[in-house]
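Okay, thanks for making time, everyone. Let me put the model up and then walk through a few spots in it.

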Amino acid sequence: MLDIQRIRHHPDVVKQAMTAKRETETGLVDQVLETDEQWRKTVHQLDQLRNESNTRAREIGVLMGQGKKEEAQKVIRETGEMKQEAKRLEEQVRELLKKRDDMLLKIPNIAHASVPVTENESGNEIIHTWGSLADEETGSFKAHWELVAGGGWIDFDRGAKVTSAGFPFYVGPAARLQRALIQFFIDKAVEKGYVELMAPYFVNEESARGTGQIPDKEDMMYVVPRDGYYAIPTAEVPVTNFHRDEVLRTDALPIRYVCYTPCWRREAGSHGSDVRGLNRLHQFDKVELVKLVRPETSYDELESLRRDAEQLLESLELPYRTLLMGTADMGFTQSKKYDLEVWSPGQKKWLEVSSCSNFEDYQARRMMIRHKKEDSKTEIVHTLNGSGLALPRVMAAFMETHQQEDGSLAIPEALQPWIRTDRLAL
């Protein structure tokens, strides 16, 4: 959530930032400020009452020592009434604070000054491209669902039978390739200083709230009602919550984690060619990169995070482009986001395979992740994450890009040590 001080001092800036993100409920800012003012006034009343009660309580011993029992009893009755009033005010303080913070959760993060203000996704800026598309755009390339249809590498029908659409089986060489890619992504991250984690696949409501999945993306998440758990939509959720309610040593920062998990998303409203094959699944594998850093370094860390993800695509010899996302297409919680899109020669379109985001202190403030500075003061850390990488569309583009005339897949040299072959037969 945003720092309340930021809203108190710059309410118009916050409203403008909401509008830039296509959020229409700017009246929330005024409601937050009104509730905040009520809360502060009530806290002031409570403090005054406590001070007065403490002062009066000290009089009791003096009066008793002077033999003025009747006056002492009167003061005892008055302080008792004050304590009851204090309890009422304490409850009011709690209610007002909860009301204010619940509204704060519904105000999106403010976009960084370098983010273009846009009306829709057409305003996203292509800032980097890699690889040649000439052959892919003109050649005869099959879509990945055509490539795997004959050999049964990926069984969509049986997945739909066992669960529903969007839950495929990976069979034989496809399972082998998927596993090799996951290990390749993890090992490359570890080489760059990321610490590997194995995380829970289900989280509680507080964890989902901490990273901003709620209140914002409830409709996209699978829920286990009996236990109050959420199936994770990304490893970002458990990994970032790993340090919730902790004060970290400044000299321990930056902290970098890599984590592989399956992910679950309802993907409500998806339709057409965007959901065909591996394009959009309800269960999929992903390797996530997460960083906790000092505020002054977070944008340098974002650039290095982006390069870590880009280099994986380069190693796999997959042409891609990097987009700086505009305000209308960057999400509720991010302050700045890059999307990496890989070229799909069989489908003749770009497929998103990674988002690399800086949340500044938006997530960490919800989770109270702080670090202790040299002057012993604590400061909220900045959090970042990026897909390194999401497997389904990488698999789709990989198969389409590296398909051979003899019906095999060529394995790039960088991946060969992980899969122990230079060819996979389709």
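Quick housekeeping. This is a predicted model, where local features need pLDDT of at least 70 and side-chain atom pairs count only at pLDDT 80 or more, while totals for chains, interfaces and linings use all residues. Residues are numbered from 1 along each chain as its sequence is written, and side-chain values use heavy atoms, with hydrogens and water left out.

Back to that pair. Arginine 321 makes a salt bridge with glutamate 341, with the closest N and O atoms 2.8 Å apart; the criterion is a side-chain nitrogen of Lys or Arg within 4 Å of a carboxyl oxygen of Asp or Glu. Arginine 321 sits in strand S11 (residues 320-324) and glutamate 341 in strand S12 (residues 336-344), so the pair ties together parts that are 20 residues apart in sequence. Helices (H or I, at least four residues) and strands (E, at least two) are DSSP runs, by the way, numbered from the N terminus.

There are 31 salt bridges in the structure. Another one joins the side chains of glutamate 301 and lysine 291, at 2.7 Å from N to O. Here glutamate 301 is in helix H11 (residues 298-315) and lysine 291 in strand S10, so parts 10 residues apart in sequence get tied together. Glutamate 301 is buried, at 8% relative accessible area, and lysine 291 counts as buried too, at 1%. Then there's arginine 365 with aspartate 361, at 2.5 Å, N to O. Arginine 365 is buried with a relative accessible area of 17%, and aspartate 361 is also buried at 17%. And one set forms a network of salt bridges: Arg8, Asp36, Glu37, Arg40, Arg100 and Asp101.

Now the strands. How many of the residues of strand S16 are buried? Nine of the nine, residues 382-390, so S16 is largely enclosed by the rest of the structure. S16 pairs antiparallel with strand S10 (residues 283-293) over seven bridges, where pairing takes at least two DSSP bridges between the strands. In that pairing, glutamate 288 stands opposite serine 387 of S16. Strand S13 (residues 349-358) also runs antiparallel to S16, joined by three bridges, and serine 357 has asparagine 385 in S16 as its bridge partner.

On to the nonpolar side. The largest nonpolar core has 52 residues, and Leu177, Leu181, Phe185 and Leu316 have the most contacts inside it. Helix H8 supplies the largest share of this core, nine residues. For the cut-offs, a core is a set of buried Ala, Val, Leu, Ile, Met, Phe, Trp, Tyr and Cys residues joined through side-chain atoms within 4.5 Å. Leucine 316 touches several residues, including Leu181, Phe185, Val394 and Phe398, leaving out residues up to four places away in sequence; contact means heavy atoms within 4.5 Å. There's also a second, separate core of 17 residues, which includes Leu2, Ile7, Leu28 and Val32.

Last stop: valine 171, in the loop between strand S3 (169-170) and helix H8 (173-191). Valine 171 is partly exposed, with a relative accessible area of 37%. That's me done, so over to you.

Key
Buried means under 20% relative accessible area, exposed over 50%, partly exposed in between (1.4 Å probe, protein chains only).
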